[in-house]
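User: I would like to learn how to read the packing of a helix against the rest of a chain. Could you take me through one case, starting with the general idea?

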Amino acid sequence: MKVVLFCGGYGMRMRNGASDDVPKPMAMVGPRPLIWHVMRYYAHFGHTEFILCLGYGAHHIKDFFLNYEETTSNDFVLRGGRTELLSTDIASWTITFAQTGIESPIGERLRRVRHHLDGDEMFLANYADVLTDAPLPEMIDSFARRDAGASMMVVPPQSSFHCVELGEDGLVGGITAVSELPLWENGGYFVLRQEVFDHIPENGDLVADGCAQLAKRGRLVAHQHRGFWKPTDTVKERAALDDAYARGDRPWAVWEHGGAGAGATGSRAGAGARTA
C-alpha cells in the first residue's frame, strides 16, 4: 500500500531560533531524522511506496534523500577503495516528492497528492513525526474487514497533568491523572479509503473535516494501541527519543527486533525517487 506522509508544517515548537528552518520530520533521532524512522517502520511491513507532502523546508528533505548515505546505518566492506554494502535501508523504496504548499492544512495536502495514489482504494497516511511499535498488519487487516471510510490509531492520553474535580463551594472532590481518564488521543497513524476525499473541502483538515464527517456517518473506526507511542512536538520530546536511541532503548525500531515483517530491504539497487 502507498504511504502518504505529511511533512510540510512549520514545527514551531521544535525550532531553536528564527534561523532554524528545518521542518520537524527532519529533527534527528540517532543518526537519522524522524521521517526516516517512520518510513523504516512502514518498510519493515512491506509498504515501500511513499508520497511526501512537502511544504516548509522542503529542500532539507529532498537533500537528505538525494544525498543519502547508506553507510551511516549499514555494515559494509571497503575493498580497493570501493564500498560494498552488506545491507541497505532505502534501496527498495519509491519516494515521490510533492510540493503541497507552505500554508496548506493537512487535508489540503492530502487532496493535492490524490492523483499520486493511482486510484488505490486503500492507502496509509501519517504525520511523519510520531514513533510507535503498533502492529501495522493487524491495523490494516482489521480495517479491511470493516465497512468504513477511515481508521485512526488512538492512544491513551500522554499528559502528565492531573484533572481536578471541583464542587460548587470550591472544594476539591477528587484528583485524577489524565492518563487514567477514559479518553483516547489521535495517534497519527491512519488507514484510509478513497471515501475520505468526499469529506475534505478545499483547504480542509483531515481530522477536523474528513474524519469528523465520517464519524458523524458511522464510517470512522479506531484502532486502540496501548503499546509504545511517542510524539515529538517539542525539543524536549525529541531529545528524550534521541537519548533513548543512544541507550539502545528503541521499541519503535521494529526492524531491529526480528519481528514479523514483509519489508526486507536487502536489495542493492538504487532507490527510486521522483519529484512531483
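Predicted model: local features only at pLDDT ≥ 70, side-chain atom pairs only at ≥ 80, totals over all residues.

User: Which residues of helix α5 are buried, and why do they line one face of the helix?

Analyst: The general idea is that an α-helix has 3.6 residues a turn, so residues three or four places apart point the same way. In α5, which spans residues 206-216, the buried residues are Leu 206, Gly 210, Cys 211 and Leu 214. Because these buried residues fall within an arc of 80° when seen down the axis of α5, they line one face of the helix. Ala 208 and Lys 216, on the other side of α5, are exposed.

User: What covers the buried residues of α5?

Analyst: The cover includes the strands β1 (2-7), β10 (150-155), β13 (185-193) and β14 (220-224), together with the helix α3 (106-112).

User: What is found at the start of α5, and which residue follows the helix?

Analyst: At the start, a side-chain oxygen of Asp 205 comes to within 3.0 Å of the backbone nitrogen of Val 207. After the helix comes Gly 218, with a positive phi near 70°.

User: Which residues touch the most other members of the largest nonpolar core?

Analyst: In that core of 51 residues, they are Leu 5, Tyr 42, Leu 52 and Phe 65. Helix α1 (residues 34-44) supplies eight residues, the largest share of this core. Apart from it lies another core, of 22 residues, which includes Val 4, Ala 98, Ile 200 and Leu 206.

User: What is Tyr 42 in contact with, leaving aside its neighbours within four places in sequence?

Analyst: The contacts of Tyr 42 include Val 3, Leu 5, His 47, Phe 50, Leu 124 and Tyr 189.

Conventions: Residues numbered from 1 in each chain as written. Heavy atoms only, no water. Core = buried A, V, L, I, M, F, W, Y, C linked by side-chain atoms within 4.5 Å. Buried < 20%, exposed > 50% of the residue type's maximum accessible area, 1.4 Å probe, protein only. Helix = DSSP H or I, 4+ residues; strand = E, 2+ residues; numbered from the N terminus. Contact = heavy atoms within 4.5 Å. Arc of directions from axis to C-beta. Polar contact = N/O pair within 3.5 Å; in protein donor to acceptor, adjacent residues only side chain to side chain.
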